Amino acid sequence: MTTTEVPTSAEGNPIGFGRMHRKEDARFLRGQGTYVDDVTLPGMLHGAILRSPFAHARIVNIDTSAAEAHPRVRAVITGETLEGLGLAWMPTLSQDTQSVLATDKVRFQGAEVAFVVADDRYAARDALELIDVDYEPLDAVVDAKKALDPDAPVIRDDLEGREDNKIYDWEAGDAEHCAEVFDQADVVVTQEMLYPRVHPAPMETCGSVASMDPVSGKLTIWTTTQAPHAHRTLYALVAGLPEHKIQVISPDIGGGFGNKVGIYPGYVCSIVGSIVTGKPVKWMEDRAENLMSTSFARDYHMTGSIAATKDGTIQGLKVDVLADHGAFNGVAQPTKFPAGFFHIFTGSYDYDAAHCNVRAVYTNKAPGGVAYACSFRVTEAVYLVERMVDCLADELGMDPAELRMKNLLRPEQFPYTTPTGWEYDSGDYPRALKEAMRLAGYDELRAEQAERRRAFEAGETNQLMGIGLSFFTEGVGAGPRKHMDILGLGMADGCELRIHPTGKAVIRLSVQSQGQGHETTFAQIVAQELGIPPEDIDVVHGDTDNTPFGLGTYGSRSTPVSGAAAAVVSRRVKDKSRIIAAAALECSPDDLEWEHGRWFVKGDPDNGKTIQEIAFASHGNLELPEGVEGHLDATAVYDPPELTYPFGAYICVTDVDAGTGEVKVRRFIAVDDCGPRINPMIVEGQIHGGLADGVGMALMEVIAFDPEGNNLGGSFMDYLLPTSMECPSWETGETVTPSPHHPLGVKGVGESATVGSPAAVVNAVLDALQIRSADMPLTPAVVWRAMQGSPLRNDLAIE
Amino acid sequence: MQVPDVFEYERASSVDDAIALLEKHGDEARLIAGGHSLLPMMKLRLAVPEVLIDINDLEGLDHIRIDGDEIAIGAMVRHAALLESALLAEHYPIFADAERVIADPLVRNRGTIGGSFCQGDPAEDLASVGTALRGSAVIRSSAGERTVPIREFHQGPYETAVGDAEMLVELRFPIRTHIGSAYAKVERRVGDWAVAAAGAFVQLDGDQIADVGIGLTAVGADGFTCPEAEDLLRGGPATPERFADAAQLCHDLCAPVTDQRGPEDYKRHLARELTRRVLHRATARARGEES
Ligand SMILES: Cc1cc2nc3c(=O)[nH]c(=O)nc-3n(C[C@H](O)[C@H](O)[C@H](O)COP(=O)(O)OP(=O)(O)OC[C@H]3O[C@@H](n4cnc5c(N)ncnc54)[C@H](O)[C@@H]3O)c2cc1C
């Protein structure tokens, strides 16, 4: 593997001007961003959704007459209205269907039942209370572990021939070989764990403004989407609208985290509302609606087993998963992989064998599963393996850092094919772990912990201390067309680069920023390749009429896929600029050398042309060689040959009050290797945010359900997000191992910290308490109960 | 956006005016102080008042001062002012202890002590502070003023001694010597309501406990306190063993309900653990061993 051809991000030599301030920040800091809710059109009406109070109930009758009589109401749309248009159900991103407005039954609390269009948003909300729905409540399936009981109510009786709540069984790895390895192992440790249902809770909730022009037949929809092009194609397929008459505009997006990948009933309702009324219709959900009905994440019940020799050589890993998908299978995964990339669960270690089985079930809960920096279920996978390794360390009485160091893949093993078929591109794992231990002062921490233990046992303190590790490997940048598609759409990204005569540039991309800083990062990539200053480069995204096709921003794919496209398209421009420079300098292209945005004649550095001069010449009357067209514009479509595999070593230090169960994260050390860093500041921002996510999930976030299926996380009073007070001052470090197949060597980092950090926090708390198991979120009550040996079920109402 | 139902809005110019407006609009009217309890309930349409009477303009309700042998706190004093008050820090550090863990700075800048008491939420922190200190509440109506002991103020969840056309105007706390006070709370996250909390003052006479007050929040303690534990301590020595016994009584006699903040047994445990801790801290403060 080579490490020299690509620029490294060791400070001083980052890609394209490195740690520059974000170009988009000027408008955000001035409060001049334009979010969907800022879009106001002449004559615009407002929609609101009536939602089910029941988790499972038959709809007997819906009486909308009183709402229709409200003086400011323009239309009331029900499932029956939609049925007439063939829109009562829509496809999900996973070959299932989902009800837009319920016709037969409601299947989760918060399910969409009716849509009111009124002159203003207040009237729309008031009118919801005038709709009279007659429900016949049914038993709800709340506990995923009981979803397949013979007497469980069948949730999806709308699907032909459906007699139970099973969605799929899926496996990866070699079960037989795995069984042999386990049979012969010295040590086998088995552990159950739950990665509970959490919610991405972006600051901006979901919404849309739909405007159907009755004359041209063109639909324009401003909407909160991370994947504008995928949405356009889906609208075309669902509603039968011609695709060239649909414009999806994703303006500034206030956070996505996967929450804004799928299509929600509200979007469809706003479109129908606009068709019915002939006016633009805005729909913007409130916080409770966002938490209760839009895409959740995780909800994986996992039982892992790890096999090893007595001296701590890991030999095998297997896991059984029960996946709670809610009422509709609404995850967004490449078609081939119903459980996403979960089978990357072998993580960062070498094994003889591995096997997983994932069984997915319907329950009476909101659909989703795509969300929250899911990395296509890599988050669950990393949590599983990193918890299992700690369980093994506990069983063997070995230091968890030592056990990891002993089993990490070695640099010379790359490219490495895992027992479940992933081909890791590059890595130097021991180097990253050593760096994290150095930054943490690992040995001193262990010494301090031992002293604290002693004081605790002597009754001098009730504060315990824990040190937790996590080493993660992600597979990101979906994905190679040969392996990956979503609903038949391949995952290659287009890109267009236009160079104006004066040498200013516009790059058009299919991905859509939700806060990741694309307007800066992509400008920096072009700047690196062409020597045009980033401020002279405009990044256009989020508008399907003005950008080439691509599948959008999620799964940490923007820089691995569209970033590569940006590099490739820039290189095309550069290649052409060489020919034009040669024509201008009256020499052969082979005689030219490139430096800092300028071609010059070899051995005669004063004799050259800058990219700006070349741009002008390309638009002017310079005589060009046979067959060479004018202008410098170029397009590219990047089909990633493989995924990229970022990795990192995390160490968390916690203090635990043994008297109350309260946990404080004292320190968090994160060493990330995402290849070269384009803008190190933006990368660190992504890591900081992900670490806060991780602390939130580990310590406080969960959506539980009571026996009737009532959502117990429907507001920010119940669904807790971490604040600055729960976050220590993050300590970040880096190693740089470029991806050998990415044009810039970069690997992606958007989800790394979310993926890697929860296990470190949980491991730290359990390390403090010297117990092997407790499930997230580790609230004081959960910690205390775990200490008493009577753990709580975090997915259900506390009993 | 969550929006409340339609309501009328009036701005009171004086306490008498506020009371007159309450009388005029009847029991569908509600006073609004900081709005940090009332507005969230209105947005969720759990409260649907027809008229809001804003008392934020009223003067003479924002004092924290010594009045005779008591400290008097006006009903419109904001949480932030309680947190920062030097007078309270001197006499009753329990206030700053509690305020530091009530909500967040935004809420504390607007929420008032009067609103906190009148809301009557079983998880309200100031309710158990006031109960521990055995203060009193001054309530005004068109018929005049009456004073109610704080221990009789709360009459059940969300029910208080303040009648329909009445307004809470002041809270009063006796000044005591040789005392220390403290508050401790367990929350799932900064800004969250209490899983459980306890407050106490301890008045020492040498090594003996001359007087003691205990307040308990969010554990279903009758009247936010546990008189049996106070009785056990009063008149005896201030020792860890006796603190533990008193704390055990709080554990045994409170009646917490299980919810997503924690199961009943855990909340009972906290009633004990936190009572023990605040008794220690209050005593250490009374002895001048801790600030
Ligand atoms: C996010 C958040 C977190 C919070 N966390 C905590 C916490 O951890 N601990 C805690 O104790 N509290 C907490 N609170 C509540 C906060 O302390 C409120 O400010 C307080 O409970 C109510 O005070 P207010 O002035 O806002 O009252 P308002 O909301 O204005 O009024 C509350 C009720 O009291 C009545 N009222 C108000 N003033 C008077 C008066 N003078 N006379 C008669 N009736 C009156 C009103 O009519 C209304 O019924 C939190 C609030 C929020 C929004």
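1. **Ground rules.** Keep in mind that this is a predicted model, where local features need pLDDT of at least 70, side-chain atom pairs count only at pLDDT 80 or more, and totals for chains, interfaces and linings use all residues. Residues are numbered from 1 along each chain as its sequence is written, chains are lettered from A and ligands numbered from 1 in the order in which they are written, and side-chain values use heavy atoms, with hydrogens and water left out.

2. Chain B comes as domain 1 (8-54), domain 2 (64-174) and domain 3 (179-285); the bounds are from an automatic or database domain assignment. Take domains 2 and 3 of chain B: their C-alpha centres are 19 Å apart. Between them, 23 residues of domain 2 of chain B are in contact with 28 residues of domain 3 of chain B (contact means heavy atoms within 4.5 Å).

3. **How much those two domains bury.** The size of an interface is often given as the accessible area lost when the parts come together. For domains 2 and 3 of chain B the buried area is about 1,900 Å², with 56% of it on carbon and sulfur atoms; this is the accessible area (1.4 Å probe) that two parts lose on being put together, summed over both. On the domain 2 side, Asp97(B), Ser128(B) and Arg134(B) supply 24% of the area buried against domain 3 of chain B, more than any other three residues.

4. **What holds your eye at that interface.** There are 5 salt bridges between domain 2 of chain B and domain 3 of chain B, a salt bridge being a side-chain nitrogen of Lys or Arg within 4 Å of a carboxyl oxygen of Asp or Glu. Arg134(B) forms a salt bridge with Glu230(B), and the closest N and O atoms are 3.9 Å apart. The interface of domains 2 and 3 of chain B also has 12 residue pairs in polar contact (both at pLDDT 80 or more). A polar contact is a pair of N or O atoms within 3.5 Å; within protein, one must be able to donate a hydrogen and the other to accept it, and residues adjacent in sequence count only if both atoms are side-chain atoms.

5. **Which elements do the touching.** On the side of domain 2 of chain B that touches domain 3 of chain B, α5 (93-100) and α8 (125-133) each supply at least two residues, and α8(B) gives the most, with 7 residues. Helices (H or I, at least four residues) and strands (E, at least two) are DSSP runs, numbered from the N terminus.

6. **Chain B against chain A.** Here 27 residues from chain B meet 35 residues from chain A, and about 2,500 Å² is buried, 57% of it from carbon and sulfur atoms. Met1(B), Arg189(B) and Gln260(B) supply 28% of the area that chain B buries against chain A, more than any other three residues. The two chains share 4 salt bridges; Arg45(B) forms a salt bridge with Glu129(A), with 3.2 Å between the closest N and O atoms. From chain B, β11 (179-186) and α12 (264-286) each supply at least two residues to the side that touches chain A, and the largest share, 7 residues, comes from α12(B).

7. **The ligand.** It is surrounded by 31 residues, the closest being Leu31(B), Gly35(B), His79(B), Thr112(B) and Asp125(B) (a heavy atom within 4 Å counts as near). A polar side-chain atom of His79(B) is 2.7 Å from an oxygen atom of the ligand. A backbone N or O atom of Gly34(B) lies 2.8 Å from a ligand oxygen atom, and a side-chain N or O atom of Glu124(B) is 2.8 Å from an oxygen atom of the ligand.

8. **Chain A, backbone spots to check by eye.** The peptide bond from Ala478(A) to Gly479(A) is cis, with omega near -20°, and Gly479(A) is in the loop between β20 (463-473) and β21 (485-486) of chain A. Met776(A) and Pro777(A) are also joined by a cis peptide bond, with omega about -5°; Pro777(A) lies in the loop between α17 (752-769) and α18 (780-788) of chain A. Asp299(A), in strand β15 (residues 297-308) of chain A, has phi near 70°, a positive value in a residue other than glycine.
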